[in-house]
Amino acid sequence: MKTKRRKGRLTTVILVLIFLAGAGIFAYPTLSEQWNRLHQSRAIASYQEAVEDLSEEEYERAWQEAEAYNDTIKENTFSHDAFDQEEENLRETPYWAVLNLGENGIMGYISLPEIGQRLPIYHGTSDPVLQVGTGHIYGTNLPIGGEGNHSVIAGHRGLPSARLFTDADQLEEGDKFYIHVLDEVLAYEVDQIADMVDKDDTEKLTGLMQQTEGEDYVTLFTCTPYGVNSHRLLVRGHRVAYHGEDEGSGETGMLKSLQDYSMLYALLAAAVLVLLASAVGLIRSRKRKKTGRSRREEDGKDKME
């Protein structure tokens with residue numbers, strides 16, 4: 001009898017552990033996304049603090065350095081895989097020092113209200129950078145605005161640990177996104193979407209990234225199709241006036257957060273219920289044992305009397 005009870009308890013424990021392991025695996029993408037959002041928020045907050053600490057002279061100098069750097073780029077270049085830039089090599093170039101206020105590689109951040117993303121923009125597109133945020137493609141203009149400039153910002157899609165540009169394919173012409181750099185917010189309206197460009201077609205990719213006289217462009221660069229990544233998706237926006245609109249409210253952000261993590265909450269609730277049920281079962285089992293021992297002791301006393 002005792003052996004059967006032990007086997008029963010062992011089976012229950014194993015089932016609970018299997019359930020919790022499965023729930024953990026199932027919840028991993030949500031947990032990772034939440035962790036990355038926290039990292040992104042801290043990176044953006046750190047950048048904002050660095051910007052707020054600048055004096056008027058430092059603002060002016062930072063803008064002048066960035067504009068001078070852009071003046072050196074007469075033609076955007078793209079002669080390699082955008083997702084394979086080595087950070088160590090960039091650190092040795094004048095590029096690394098420009099707009100690098102916190103000396104952590106962040107040059108600003110991008111807000112994409114249509115897909116609910118707010119992401120830091122780092123210098124270059126090394127793998128560590130693109131695991132946690134977006135990267136400015138070295139060889140293109142810095143994202144500081146200005147006629148004749150065309151900046152390109154790259155981000156991954158389909159990472160299990162972070163959404164990043166996963167929903168970039170949902171952007172449509174007329175949608176807006178925003179670049180926050182130094183003390184400015186630059187607004188861009190989507191006007192061109194190149195959705196299936198072969199990743200090895202360097203000539204076409206370079207052409208889509210080129211400057212146009214009199215125009216101020218920013219292009220978002222990512223992989224497509226989702227999970228296959230054999231082609232590239234380029235979403236271009238042209239500069240429009242910014243009036244502080246469309247970047248989303250705290251209420252919307254809270255609602256989006258609740259929606260994003262509803263599955264996580266359900267899993268946690270289910271795990272708690274399973275643990276409670278197991279604890280109740282264990283307590284009842286111990287009570288039954290205690291009651292059984294008491295009865296046997298009483299029966300033994302009666303027989304002795």
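Ground rules, briefly. Residues are numbered from 1 along each chain as its sequence is written, and side-chain values use heavy atoms, with hydrogens and water left out. The model is predicted, so local features need pLDDT of at least 70, and side-chain atom pairs count only at pLDDT 80 or more, while totals for chains, interfaces and linings use all residues.

Start with the overall count. The protein has 7 helices and 8 strands. Both are DSSP runs numbered from the N terminus: helices are H or I with at least four residues, strands are E with at least two. Of its 305 residues, 42% are buried. Buried means under 20% relative accessible area, exposed means over 50%, and partly exposed lies in between, with a 1.4 Å probe and protein chains only. Now contacts, meaning heavy atoms within 4.5 Å. Take those between residues at least 6 apart in sequence: 70% of them join residues at least 24 apart.

Next, the barrel. In what order do the strands close? The order is β1-β2-β3-β4-β7-β8-β6-β5, 8 strands with mixed pairing. Two strands pair if DSSP finds at least two bridges between them. Neighbouring strands of this sheet are turned by 30° against each other on average, direction ignored. Those axes are lines fitted to C-alpha atoms, for helices over the stretch in contact, and angles run from 0 to 180 degrees between N-to-C directions.

Take β1, residues 106–112. All 7 of its 7 residues are buried, so the strand is largely enclosed by the rest of the structure. On one side, β1 pairs antiparallel with β2, residues 117–123, over 6 bridges. Ile 106 has Tyr 122 in β2 as its bridge partner. The two strands form a hairpin with 4 residues between them, and Gly 116 in that turn has a positive phi of about 65°. β1 also runs antiparallel to β5, residues 176–181, with 3 bridges. There, Ser 111 stands opposite Tyr 178.

Now β7, residues 216–224. Are its residues buried or exposed? Buried: 9 of 9. In a regular strand the side chains alternate between the two faces of the sheet. Here both faces are covered. One side has Asp 216, Val 218, Leu 220, Thr 222 and Thr 224; the other has Tyr 217, Thr 219, Phe 221 and Cys 223.

β7 has two neighbours to look at. β4, residues 149–154, runs parallel to β7, with 6 bridges. His 150 stands opposite Tyr 217 in that pair. β8, residues 231–240, pairs with β7 in the antiparallel sense over 8 bridges. Val 218 stands opposite Gly 237, and Thr 219 has Arg 236 as its bridge partner. β7 and β8 form a hairpin with 6 residues between them.

That turn deserves a slide. Gly 227 has a positive phi of about 85°. Asn 229 also has a positive phi, near 65°, and is not a glycine. Asn 229 counts as partly exposed, at 29% relative accessibility. Pro 225 sits in this loop too. A cis peptide bond joins Thr 224 and Pro 225, with omega about -10°.

Leu 182 is buried, at 7% relative accessible area.

On to the core. A nonpolar core is a set of buried Ala, Val, Leu, Ile, Met, Phe, Trp, Tyr and Cys residues joined through side-chain atoms within 4.5 Å. The largest has 61 residues. Which residues have the most contacts inside it? Leu 99, Leu 142, Leu 220 and Phe 221. Leaving aside neighbours within four places in sequence, Leu 220 touches residues including Ile 110, Ile 153, Phe 177 and Leu 234.

Last, helix α2, residues 56–71. Its 16 residues should span 22 Å at 1.5 Å a residue, and its end C-alpha atoms are 23 Å apart, which agrees. The expected span is 1.5 Å times one less than the number of residues. Buried in α2 are Tyr 59, Ala 62, Trp 63, Ala 66, Tyr 69 and Asn 70. They cover an arc of only 125° around the axis, so they are on the same side of α2. The arc is that of the directions from the helix axis to the C-beta atoms. Glu 57 and Asp 71 are exposed on the other side.
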